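Let's take a walk through this structure together.

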Amino acid sequence: MRGSGTPRQFSTQLAVIGSGIAGFAASIFAVNRQIATAQVGNTGALAYTTGYLDLIGKRGGAVVVDPWQALASLRESEPKHPLSRLDAGDIRQAFTEFTDFLGACGLAYSAPGTGNLTALTPAGTLKQTLCMPATMTAGPRALAADAPCVIVDFKGLKGFSGAELVANLRQRWPQLTTQRIVFPGMERGEIYPEVMARALEVAATREQLAAALRAVAGTARLIGLPAILGMHRPDQVRAELERLTGREIFEIPTMPPSVPGIRLRELMQQVLPQKGVTLIPQQRVTALSFEGDGATLALCDAFGPIRVHAQAVILATGRFLSGGLEAHPAGIREHLLDLPVTQPADRADWYRARYTDPRGHPINSAGIEIDDSFRPLTGEGRRYHERLFAAGVILAHQDWIRGRSGAGIAIATAFKAVTEAERFLAGRQAMVPGAPPLQCH
Amino acid sequence: MSSDATTLETEVLIIGGGVTGAGIMRDLALRGIHSLLIDKRDLCAGASGGNHGLLHSGARYVSTDPDAAIECRKENALLKRLVPQCIETADGLFVAVQGDDPEFADRFPALCQHAGIDCGELTPAEARRLEPVLSEKLFKAYRVPDATIDPFHLAMLNVDHARLLNGSHYRPHTEVLRFEVAAGEIRAAICHDHLHQRRLTIRARQFVNAGGAWAMNIARLAACADVHLLYAKGTILVSNDRLAQRVINRLRPPGDGDILVPGGTVSLLGTTSTRVEDLEQVAPTAEEIDRNIHEGAAMIPALAGARYIRAFSRVRPLLQTSGATDRAATRGFALLDHASQGVDNFCTITGGKLTTFRLMAERTADLVARRLGNDRAGLTATVPLPDDEASSWADPVAAQKRWHHDRDPDDMILCECEMVPQSAIEQVFANSPDIEKERTIDLIALRTRAGKGPCQGSFCGIRIGSYLYDRGYYRDATGLAHLRDFLDERFKGQRSVIWGPQAAQMELAEALHCGLLGLDTLEDE
Amino acid sequence: MAASAIASINFKAAALELLPEGANFEACLSCGLCSSGCPASGMENMDPRKFIRMALLGMDEELSTTPWIWCCTMCKRCQYVCPMSIDVSQLVFLARGNWPEDRKPAGIVRSCQLATSSDSTSAMGMPPADFVAVVEEVLEEVRATQPDFRHLQAPIDRRGAHFFVNQNSREPMNEPEEMVPLWKIFDVVGADWTYASKGWAAENFCMFSGNEDAWREVVRKRVDAVNQLGCEVWLNTECGHSYYSMWQGIERFRLEANFRLESIVTWYAQWIREGKLPVDARWNSKGIKFTVQDPCMIVRKAYGDAIAEDMRFVVRTLVGEENFVDMQPNRSANYCCGGGGGFLQAGMTEHRRTYGKRKFDQIAATGAAYVLTPCHNCHSQMHDIGRFYGGHYGVVHLWTLICLSLGILGKNERIYLGPELRG
């Protein structure tokens with residue numbers, strides 16, 4: 001067929017590889033700095049996020065109340081930890097910029113505070129986080145005040161049990177009760193939070209749900225729901241339900257597939273192109289090469305091959321789930337450039353004997369090495385390329401799961417990588433007057 | 001007999017809930033003898049549950065142990081007739097690939113013939129048509145009547161039948177601490193009930209030690225020093241899906257990684273053999289895993305890149321004979337009556353293999369019955385094992401098919417990988433032994449396929465936990481502790497094979513269990 | 001006569017063959033994002049995750065016979081949201097093809113049979129002569145009754161024309177006056193175009209029936225027709241699956257096509273940007289709200305978001321920025337309407353409407369008075385579910401609105417507009 005098979009070409013200043021929180025955060029920071037940006041890569045783990053933006057929630061298995069203080073002590077004890085290599089002011093600014101951006105796009109977030117917030121989990125346990133969606137903030141407040149509250153769960157929604165929440169929170173929250181109802185129009189079979197959330201974008205569904213909620217709310221002042229309060233306009237959905245029920249309403253994240261992650265993904269996929277980002281989501285970059293005047297990313301979408309030419313590249317491809325790292329029987333590898341990966345000497349040491357060991361597994365701290373400008377390093381300790389930067393949980397010397405610091409590492413290191421890339425680009429621009437702006441052809 | 005009593009009485013106490021113990025229980029019941037079966041853990045917790053699930057044709061032993069081969073051949077034919085519900089008549093292939101000894105391959109049919117085992121030669125092309133995963137380097141192939149058998153299902157059906165026949169009783173989590181011996185007889189077994197954390201005395205007229213690898217230790221509790229076992233650790237890998245329809249054996253003397261057995265929806269690759277001293281601390285090592293895969297890939301190249309979801313090691317008891325290597329050590333069994341040890345109502349059955357469990361049980365029951373003055377003949381060679389609906393949830397695929405055909409959208413699937421619905425859980429609870437009044441995640445995990453698929457319980461554990469809270473079976477933080485323990489337990493089997501997609505699965509699981517739910521720091525909460 | 005038996009497919013083996021390494025069922029994490037995002041989940045007790053699991057568990061008989069494969073529209077949304085990019089649709093296609101013809105939904109089979117029965121390739125069986133006659137008749141009528149268009153052209157079989165324009169059969173068969181707006185647009189921009197008497201039709205239900213031979217046959221006839229006329233571009237008009245079936249068909253069956261495939265949506269956008277289509281939103285002084293439906297077949301499954309952006313540019317220009325409300329989700333993440341994959345023709349009305357409930361909710365949430373879409377199946381389905389669920393929106397083609405904006409929309413070319421726009 002004529003014309004088929006020829007790659008479509010894009011040129012840009014900055015290419016971000018990866019569409020997790022780190023990748024999206026990088027694009028946001030780049031947009032805020034007027035850097036022409038293309039973002040490519042599979043979404044990987046983004047859809048699984050809870051909506052909570054942790055900075056440091058645990059250290060050595062102990063609860064962290066003040067993440068900023070924890071950051072200072074982390075610097076002492078784990079100087080190679082990516083967060084230890086960042087300025088606290090930068091981290092705060094990164095969180096502020098990120099949450100402000102989401103807020104401006106219609107997904108309101110609490111601002112980063114001086115201490116952690118105590119967040120609810122679907123098991124009725126508690127976790128520490130720095131920022132949370134506005135739809136979730138009333139829950140922790142009600143818990144602190146032991147306010148009369150009813151958790152409403154739904155027939156057909158698996159893995160979210162009001163009884164479980166009450167059983168595990170009863171001691172801390174004596175005034176917590178639970179009720180089960182049928183979601184309007186979903187009387188039979190299995191139902192998914194995603195479907196419920198989309199249905200709640202419709203006024204008629206909200207009215208029916210509000211009626212059902214009123215019928216069981218009794219004397220409760222608050223109603224806690226699984227995270228289903230709309231997909232695109234959660235704040236309006238919540239406000240509307242609060243008006244209709246006369247009670248304060250909050251969400252609790254659910255197990256995957258859950259709404260908050262899908263919300264973030266859909267929001268980013270819509271907003272970033274509007275802000276001028278060339279977004280090629282859900283496709284994996286198959287090759288990355290550097291020439292004298294830039295870098296070239298090769299990938300393929302349903303329609304055919306694509307080439308993205310960029311002056312600088314941020315590698316934010318995540319770990320095993322998102323495909324940035326690959327675990328082979330012979331060792332862990334970085335999949336795109338085969339960057340050296342710091343890892344346990346022996347596969348037998350990847351995991352501890354006990355799965356839930358609070359110390360975490362050594363494999364979790366495996367990752368790539370960077371210099372102070374967040375440029376990945378070769379095995380000899382040299383920069384891989386002056387145009388290449390890295391961000392997110394692909395970086396070595398952190399266990400984001402045990403540290404409850406996934407979003408924090410993603411957002412803060414993306415901020416740093418973009419700042420450094422901006423400095424690099426500015427240097428190039430100064431040297432080459434009239435460097436080409438963004439071009440799509 | 002009340003299970004609440006701290007003293008229980010029975011005619012025969014059988015120690016060890018492997019297939020042999022369960023088989024003895026049923027055999028005795030068919031003779032009208034009441035027994036109590038106990039296990040310090042649960043059914044098939046030892047070697048019975050830690051093997052390939054292979055129902056040998058006998059061909060594997062034709063070169064090393066012709067007697068065992070003949071025994072296998074006979075039992076294979078019997079069991080196919082009597083317990084078809086636990087058996088998949090998969091058929092087996094013996095294949096030689098480049099580098100294997102052609103002389104051994106040529107001798108094989110004659111050896112099979114000598115043991116009376118049906119063996120037909122296939123051309124390499126025919127073999128590869130039957131099993132496209134076979135290596136192109138195959139040069140010899142024979143077909144033998146190997147089959148597979150589900151030991152869990154088998155043990156459960158034996159126990160259930162015994163209960164139905166005469167109220168014989170099974171108690172898991174019950175460990176013998178010592179025996180009360182007087183006048184050359186054991187009077188009672190003093191046990192610990194791990195579930196309720198209490199002491200239990202069991203009085204019986206006859207005591208049977210079917211402790212498998214633990215048999216030597218149990219015998220010593222009664223001061224019997226005539227059980228001599230070697231411990232061979234075997235490591236087996238479980239793939240994410242079923243790679244071949246038939247049992248595939250390497251056509252050479254038994255060695256590492258030389259057999260791939262279908263197990264319902266998965267395949268099992270094994271096995272390595274290492275001598276060990278410690279019975280309790282056995283786990284697969286990276287070296288054993290790699291050796292299995294390396295050897296297996298010579299027969300079936302796809303094994304090199306397959307997704308594995310588990311690996312496990314179990315200790316097999318081998319009867320100690322002088323001079324032989326572990327591989328060549330007898331796979332036969334031994335029934336010791338302990339008369340020489342001055343105990344007249346005690347016997348030990350050990351060694352052997354899954355395929356010959358019925359025969360082992362029969363010989364043991366013969367002895368016990370004789371000692372009890374019961375002269376009824378054993379019936380297990382003629383009476384088929386009846387089916388039982390509840391235990392079929394442990395049967396791969398059957399459960400899914402049933403759910404699919406029932407088509408009740410409100411009977412929701414809780415384990416998506418293996419498609420275990422809510423109704424399965426209720427049925428298991430309704431049919432579980434009296435002792436297990438507690439409705440726990442563990443019980444579901446033991447008696448259904450839940451948690452056995454690629455997610456290894458990481459999602460279904462949460463869903464089942466929530467369901468049990470909903471039903472009021474959990475009312476406090478116990479449910480979360482059980483969930484954590486369940487996941488820790490599943491992890492033991494996964495730990496040594498986490499790479500490729502399994503590493504992605506693990507990252508997602510950890511993010512969910514630890515990052516969100518905080519199961520890693522439950523006590524501090 | 002008893003219906004034929006359905007043979008069992010070995011789905012696992014098929015998956016190994018059809019799906020790329022790394023995106024095979026082996027990589028499935030069982031997370032459920034696919035099922036959560038699929039409007040066919042729950043129908044016939046099935047969903048994409050169950051499909052994958054049952055394939056891996058070897059439940060070939062159940063999968064081979066489940067009617068769910070006719071509820072799955074093969075829209076590939078499950079693949080789009082899957083972190084491992086696992087594609088269920090290819091196996092659904094395989095299963096469809098495996099059903100004996102007498103067991104397949106009769107409507108799909110009949111539409112395919114009709115398409116292969118004449119040189120038109122029309123799924124409604126309209127022969128070449130009838131098509132030519134209808135076009136000529138309608139053209140006469142327009143020339144006679146609309147003085148501004150007394151020289152309007154609708155060329156047929158004009159060799160060497162730049163655009164070979166395809167035509168969904170619905171218009172010439174049932175609502176011929178709906179062809180006129182597009183002709184007028186070509187007239188306004190001065191396009192060098194032609195219809196053809198052979199291979200002119202857009203639909204291809206043979207693809208949906210899983211009948212590869214027939215799919216190839218239909219595409220081959222169309223390719224031959226374009227090659228024969230020596231056109232540069234096969235221009236796909238407002239029909240979704242025609243593009244996909246042609247594009248994929250040419251690649252799958254390795255047909256020699258001496259032309260490019262292009263979409264009318266891209267050209268609308270280009271003509272507007274070039275000033276050749278001087279549309280604006282001044283006509284919409286009452287602020288009527290519009291939304292758009294992204295057809296899976298040209299957005300998620302083919303061009304990706306690029307064409308969705310073109311469509312939005314066209315629509316925003318036409319209705320006014322402030323009067324455009326996007327459906328959520330949208331672009332490549334959009335839901336299939338439930339009219340695709342032959343669902344509309346399959347006779348499974350209850351299932352189809354249940355599927356379409358999610359689309360109805362999406363539309364309802366926008367509060368829009370009209371949905372615009374460049375796809376006939378989307379059009380019919382959204383129209384039907386709108387009436388069924390008590391919606392108050394209309395469904396219109398882009399060509400209608402373009403001509404409305406240009407002030408050249410004839411009185412009888414407004415059947416899909418509400419009273420306020422009937423003029």
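This is a predicted model: local features need pLDDT of at least 70, side-chain atom pairs count only at pLDDT 80 or more; totals for chains, interfaces and linings use all residues.

Let's begin on the inside. The largest nonpolar core counts 470 residues. Those with the most contacts inside this core are A:A26, A:I314, A:A414 and B:V95. Helix α11 of chain A, residues 406–431, gives the core its largest share, 12 residues. As a bit of background, nonpolar side chains in soluble globular proteins tend to be buried together. For a close-up, zoom in on A:A414. Leaving aside residues up to four places away in sequence, A:A414 touches A:A22, A:A25, A:A26, A:F29, A:A316, A:A391 and A:G392.

Now hop over to chain B and look for an open sheet of 8 strands. Reading across, the order is β7-β8-β6-β16-β17-β18-β15-β19, and the pairing is mixed. The edges belong to β7 (120–122) and β19 (308–319) of chain B; each has a single partner strand, so one side of each has no neighbour in the sheet. From one strand to the next, the twist averages 25°. Within this part of chain B, β6 (residues 92–97) and β8 (residues 138–144) pair in the antiparallel sense over 6 bridges. Helix α7(B) lies across several strands, including β6, β15 and β19 of chain B, and runs at about 125° to β18(B).

Chain B also has an open sheet of 3 strands, in the order β4-β9-β5, with antiparallel pairing. Its edge strands are β4 (54–55) and β5 (87–88) of chain B, and each of them pairs on one side only. Helix α2 of chain B, residues 66–82, packs on this sheet and touches β4, β5 and β9 of chain B. The direction of α2 makes about 60° with that of β9(B). Between β5(B) and β9(B), which run antiparallel, there are 2 bridges; B:E88, for example, has B:T148 as its bridge partner in β9(B).

Next stop, chain C. Its helix α13, residues 240–252, has 13 residues and reaches 18 Å from its first C-alpha to its last, close to the 18 Å expected. Why is α13(C) largely enclosed by the rest of the structure? Because 10 of its 13 residues are buried. Among them are C:H241, C:Y244 and C:W247. The cover over the buried residues includes α12 (212–229), β3 (233–236) and β4 (260–263) of chain C. After α13(C) comes C:R254, with a positive phi near 50°.

Two of those covering elements pair with each other: β3(C) and β4(C) run parallel and are joined by 4 bridges. Here C:L235 stands opposite C:E262 in β4(C). Strand β4(C) has a covered face, C:L261 and C:S263, while C:R260 and C:E262 make up its uncovered face.

Finally, see where the chains meet. The contact between chain B and chain A takes 46 residues from chain B and 44 residues from chain A. On the chain B side, α14(B) gives the largest share, 11 residues. By class, that side has 23 nonpolar, 9 polar and 14 charged residues. Chain A also touches chain C, in a contact that takes 28 residues from chain A and 27 residues from chain C. On the chain A side, α6 (193–199) and α9 (259–274) of chain A are the elements that give two or more residues.

Definitions and conventions: Residues are numbered from 1 along each chain as its sequence is written. Chains are lettered from A and ligands numbered from 1 in the order in which they are written. A nonpolar core is a set of buried Ala, Val, Leu, Ile, Met, Phe, Trp, Tyr and Cys residues joined through C-beta atoms within 7 Å. A residue is buried if 20 or more other C-beta atoms lie within 10 Å of its own, exposed if 12 or fewer, and partly exposed in between; C-beta atoms are placed from the backbone. Two residues are in contact if their C-beta atoms, placed from the backbone, lie within 7 Å. Ala, Val, Leu, Ile, Met, Phe, Trp, Tyr, Cys and Pro count as nonpolar, Asp, Glu, Lys and Arg as charged, and the others, Gly among them, as polar. The expected span of a helix is 1.5 Å times one less than its number of residues. Two strands pair if DSSP finds at least two bridges between them. Axes are lines fitted to C-alpha atoms, for helices over the stretch in contact, and angles run from 0 to 180 degrees between N-to-C directions.
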